[in-house]
Structures are given as structure tokens and as C-alpha cells.
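Hi everyone, thanks for making time this morning. I'd like to walk you through one structure, so please have a look at it on the screen.

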Amino acid sequence: MTERAASRTAILVCQGRAVADGRLGAGRFSDPLAIDLLLPEERDIVARVRAGEVPKAFGARMEYELVSATSEVLAARTIAIDDAVREQANPQLVILGAGLDARAWRMPELTGVEVFEVDHPASQAEKRERLGDREPLASVLFVPVDFGKDSLGTALTEAGHDETRPTTWIWEGVVPYLTPAEVGETVTEVAKRSAVGSRMIVTYPTPNRLYRYGRRAMELLLSLTGRTNPMAREPQRSSWTPEAMAAVLSDRGLTVTTDRDMLTIAQEAGVEGKRGSFLSTGRLAIADRH
Ligand SMILES: C[S@@+](CC[C@H](N)C(=O)[O-])C[C@H]1O[C@@H](n2cnc3c(N)ncnc32)[C@H](O)[C@@H]1O
């Protein structure tokens with residue numbers, strides 16, 4: 001991602017939530033704001049996938065499959081993350097790489113909670129434009145940070161984050177875009193600011209050659225057929241085994257309490273999970289400060 005460009009993968013995952021809303025994980029997943037945060041031209045594909053209109057043309061079919069598969073991953077991980085946030089009701093929530101996350105606007109449990117939305121400055125500026133004057137349920141503070149350049153700790157201190165009170169941290173769909181060093185540095189800052197009772201919720205990709213080749217092939221086909229490739233400017237920079245992720249967290253005093261793959265999460269959450277191989281390469285870990 002460059003200095004000026006806002007994240008396109010943030011739009012893709014928002015499209016996934018808009019597709020899933022009312023269709024996947026019924027009764028457990030809902031994100032009615034997702035469709036509102038998309039621009040009219042970004043809503044067309046959402047409508048087609050929701051209607052099950054499978055296109056015949058190859059490029060359009062690739063795009064359809066990408067958004068459809070994304071909706072399964074997003075429904076599953078949103079349910080699991082929301083549950084983990086509710087379970088550990090902390091007074092502060094920091095969303096790292098927030099993108100078009102609408103939790104502060106849609107979760108009544110966050111009323112009265114201080115929510116710090118941390119994101120790349122360009123992505124955050126675009127989100128604020130898209131939000132317009134929609135009022136959040138929580139008290140929201142926007143914290144622009146480039147994890148590769150800026151000090152997360154300094155930015156959070158300036159925004160009023162209190163490291164003596166417990167914090168829940170959500171790091172959803174961001175780790176793949178960071179180098180191993182950036183991941184380590186971010187966890188160091190998070191751990192320093194995590195009072196007893198704090199909780200880190202992180203999703204991460206596992207090393208998987210088949211998935212990597214599949215993703216490259218899909219990106220190539222999208223480009224060759226003149227479709228938008230949302231991953232073009234956001235290459236995958238790291239992947240982690242569960243052991244490696246547990247080590248990064250526990251070396252800094254955050255103890256992993258659960259670590260599950262997305263396919264298991266999808267099945268437990270009642271999300272259909274037709275895309276088993278796509279789902280099973282991602283994992284969600286929860287680590288607590290005891
Ligand atoms: C796939 S989106 C996920 C957004 C959101 N967490 C969600 O799940 O809907 C990736 C997010 O990571 C952010 N991101 C990627 N690299 C970043 C960096 N170096 N510094 C800050 N944010 C970054 C992007 O701005 C974007 O919002």
C-alpha cells in the first residue's frame with residue numbers, strides 16, 4: 001500500500017460482510033452498515049452474489065467467486081471475534097487496521113466503551129468520508145498510524161488510550177500485509193499497553209503453498225480479464241504457523257487461550273463453509289494477559 005492509496009482489501013472484506021448480512025450465520029452475524037459503507041459501483045457485485053447470479057464470462061466469474069468466498073470467511077471470523085469481544089467486556093477496544101469495520105456502530109455491547117480505530121492514514125480518511133455523520137454507539141477515537149513507520153504507542157497515548165486499564169485488541173485481516181518484523185513490533189507495543197485482563201484477538205494466514213499459488217493465479221486472471229484486482233497493491237508479506245504466532249504473543253506475556261482454523265469456526269458458527277480449502281488456511285487466535 002502506498003502513502004496515498006487507501007486499502008482495497010478493506011473494501012473487499014466489506015463487500016464480503018454485505019453479501020453475508022442476513023444470509024450467512026443467521027441469528028449470529030449481522031452487519032447492516034456494510035452495504036452503506038460501499039460506493040454504488042462497489043455494490044453491484046454484492047447484489048449479484050446475493051442473488052446467486054453466477055456470471056458466464058471468465059473474469060466476472062472470478063470476481064464473483066472471490067467475493068462469495070470472502071463472504072464465508074468474513075461471516076465466520078466476525079461471529080468468533082464478536083463473541084470474544086463480548087466475553088471479555090473491557091472498557092477500551094483498540095481495532096488495529098480497522099478498515100471499514102462497523103463494530104463501534106453496530107454492537108450495542110460497545111456503548112460506553114472507548115474504541116480506538118487505528119488504521120493507515122489513507123484508509124482511515126476514506127472511511128471517515130464514507131461514514132459521513134453516522135453516529136457510533138461507542139465513543140470512537142480515530143488514530144492514523146502506518147505500522148511500518150509510525151509509533152503505535154505514541155499515537156495511542158496522544159489519543160488518550162490508558163495503559164493501566166484493560167484493553168481488548170482486534171487485529172483482523174491485517175497480519176498478512178505486514179512483515180514479520182512489523183508484526184513483532186506491533187505485538188511488543190500492544191503487550192506494553194495491555195493491563196491484566198487485556199485480550200488480543202488476531203487473525204492470521206498459515207503458510208500454504210497451494211493457497212499462495214491459487215491466489216497468484218486468481219490475481220493474474222483478474223488482471224488479464226480487465227477486472228479490478230483488490231490485492232494488487234497489498235501483497236502478502238507474512239504467514240505464521242500456530243506455534244510461531246503463539247511464540248510471538250507469549251514471548252511478550254500474552255498467553256494464547258484458543259487458536260482455531262476458520263473452517264472449524266465456520267462450522268461451529270453455522271456458516272455453510274462451501275469453500276473449505278479457502279477457509280482452512282486462515283486462523284484466529286485469542287491471547288489474554290493474566
Ligand atoms: C483486509 S483490510 C482489513 C480491515 C478490517 N480489519 C476488516 O477486517 O474489515 C486490511 C487493513 O489493514 C490496514 N493496513 C495494512 N497495512 C497497514 C499498515 N502498514 N499500517 C496501517 N494499516 C495497515 C489497511 O489500511 C486495511 O484497513
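I'll talk about the ligand and its surroundings, and then about a pocket. Before that, please keep in mind that what you see is a predicted model.

Let's begin with the ligand. It is surrounded by 22 residues, and the closest are R17, G97, D119, S123 and E172. Which helix or strand gives the most to this shell? That is α1, with four residues. If you sort the shell by class, you get nine nonpolar, eight polar and five charged residues.

Now for some individual contacts. R17 uses its side chain: one of its polar atoms there lies 2.9 Å from an oxygen atom of the ligand. With E172 the backbone is involved, as a polar backbone atom sits 2.7 Å from a nitrogen atom of the ligand. H120 also takes part through a polar backbone atom, 3.3 Å from a ligand nitrogen. And how much of the ligand does the protein cover? On its own the ligand has 590 Å² of accessible area, and the protein covers 96% of that.

Let's move on to the second largest pocket, whose volume is about 330 Å³. Its lining has 16 residues, and those nearest the centre are Q15, E42, I45, E63 and T228. Helices α1 (9-20), α3 (40-51) and α4 (58-87) each supply at least two lining residues. The most come from α3, which gives five.

Notes: Residues numbered from 1 in each chain as written. Predicted model: local features only at pLDDT ≥ 70, side-chain atom pairs only at ≥ 80, totals over all residues. Heavy atoms only, no water. 1 Å grid on protein atoms, 1.4 Å probe; cavity = no way out; pocket = protein on both sides within 12 Å on 5 of 7 lines; lining within 4 Å. Points joined across faces, edges and corners; volume = space filled by probe spheres on them. Near = heavy atom within 4 Å. Polar contact = N/O pair within 3.5 Å; in protein donor to acceptor, adjacent residues only side chain to side chain. Areas by Shrake-Rupley, 256 points an atom, 1.4 Å probe, with all protein chains shown as cover. Nonpolar A, V, L, I, M, F, W, Y, C, P; charged D, E, K, R; others polar.
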